[in-house]
Amino acid sequence: LLGVSSKSVKGKSMTDRAKELGITMAKVAQEKKIIKVSFDRGGFKYTGKVKVFADAAREGGLKF
């Protein structure tokens, strides 16, 4: 349905990129009238970049 890429965010730390991508994902989803989402960690632990991304997407308005 939609996606974002870290290639658009350069010169920042990985956690800053993850936060910006989470916020961007939320904005793009809301433009497409998507509010509820399922979050698949892809086998990664819920820490670090994964947690920052998810928290930023929640702050942006997505509901997991």
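Begin by selecting Glu20: at 31% relative accessibility, this residue is partly exposed, a class lying between buried (under 20% relative accessible area) and exposed (over 50%), with a 1.4 Å probe and protein chains only. The model is predicted, so local features need pLDDT of at least 70 and side-chain atom pairs count only at pLDDT 80 or more, while totals for chains, interfaces and linings use all residues. Residues are numbered from 1 along each chain as its sequence is written, and side-chain values use heavy atoms, with hydrogens and water left out.

Lys12 and Glu20 form a salt bridge, their closest N and O atoms lying 2.6 Å apart; the term denotes a side-chain nitrogen of Lys or Arg within 4 Å of a carboxyl oxygen of Asp or Glu. Lys12 is partly exposed, at 40% relative accessible area.

Select Asp55, which is partly exposed with a relative accessible area of 23%. Display Lys51 as well: its side chain meets that of Asp55 in a salt bridge of 2.8 Å, N to O. Lys51 is partly exposed, at 37%.

Then select Arg58, whose side chain meets that of Asp55 in a salt bridge of 3.2 Å, N to O. Arg58 and Asp55 are 3 residues apart in helix α2, again about one helical turn. Through shared partners, salt bridges join Lys51, Asp55 and Arg58 into one network.

To finish, show every salt bridge: the count is 3.

How values were computed. Helix = DSSP H or I, 4+ residues; strand = E, 2+ residues; numbered from the N terminus.
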